[in-house]
Amino acid sequence: QFFGHAFFIFLMIQFIRTIPVELDEAAKIDGCSRLGIFFRIILPLIAPALATSAIFSFYWKWEELINPLLYLNKPELYQVSLALKLFLDTETAS
């Protein structure tokens with residue numbers, strides 16, 4: 001879901017559009033292939049956007065409560081966030 005989420009695709013495309021085209025052209029002149037341009041120039045430059053996507057993805061999965069409740073049937077298997085929510089909620093009885 002990390003690569004398929006629309007927000008992350010939009011974030012990456014917008015970030016890559018800010019990279020100057022001159023960097024690609026200079027790498028082509030130096031004899032770098034398209035794959036080499038991506039791995040040697042583009043990928044290191046989009047590291048902040050990748051880190052942002054990883055942080056958002058982790059946070060959104062951390063806050064998700066409905067899927068663990070649907071799929072996990074033992075309280076011992078709950079995520080930490082879900083276990084804390086159930087522990088702090090006085091209305092819930094396990």
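Begin by selecting Leu50, which is partly exposed, with a relative accessible area of 28%. (Buried means under 20% relative accessible area, exposed over 50%, and partly exposed in between, using a 1.4 Å probe and protein chains only.) What you see is a predicted model, in which local features need pLDDT of at least 70, side-chain atom pairs count only at pLDDT 80 or more, and totals for chains, interfaces and linings use all residues. Residues are numbered from 1 along each chain as its sequence is written, and side-chain values use heavy atoms, with hydrogens and water left out.

Leu50 lies in helix α4.

Next, select the whole of α4, residues 47-63, together with α3, residues 34-45. The axes of α3 and α4 come within 4 Å and cross at roughly 55 degrees. (Axes are lines fitted to C-alpha atoms over the stretch in contact, and angles run from 0 to 180 degrees between N-to-C directions.) The two helices, α3 and α4, are therefore oblique to each other. (Under 35 degrees counts as roughly parallel, over 145 as roughly antiparallel, 65 to 115 as roughly perpendicular, and the rest as oblique.)

Zoom in on where they meet. Leu43, Pro44 and Leu45 of α3 make the contact with Ala47, Pro48 and Leu50 of α4; contact means heavy atoms within 4.5 Å.

Stay with α4 and highlight Ala49, Ser53 and Ser57, which are buried. Look down the axis of α4: its buried residues fall within an arc of 70 degrees, so they line one face of the helix. (The arc is that of the directions from the helix axis to the C-beta atoms.) What do the buried residues of α4 pack against? Select α1 (6-17) to find their partner. Then turn to the other side of α4, where Ile55 and Phe58 are exposed.

For the last stop, pick Trp60, which also lies in α4. Trp60 is partly exposed, with a relative accessible area of 37%. Leaving out residues up to four places away in sequence, Trp60 touches His5, Phe7 and Phe8. Finally, draw a distance from Trp60 to Gly36: these residues are 24 apart along the chain, and their C-alpha atoms are separated by 33 Å.

How values were computed: The arc is that of the directions from the helix axis to the C-beta atoms.
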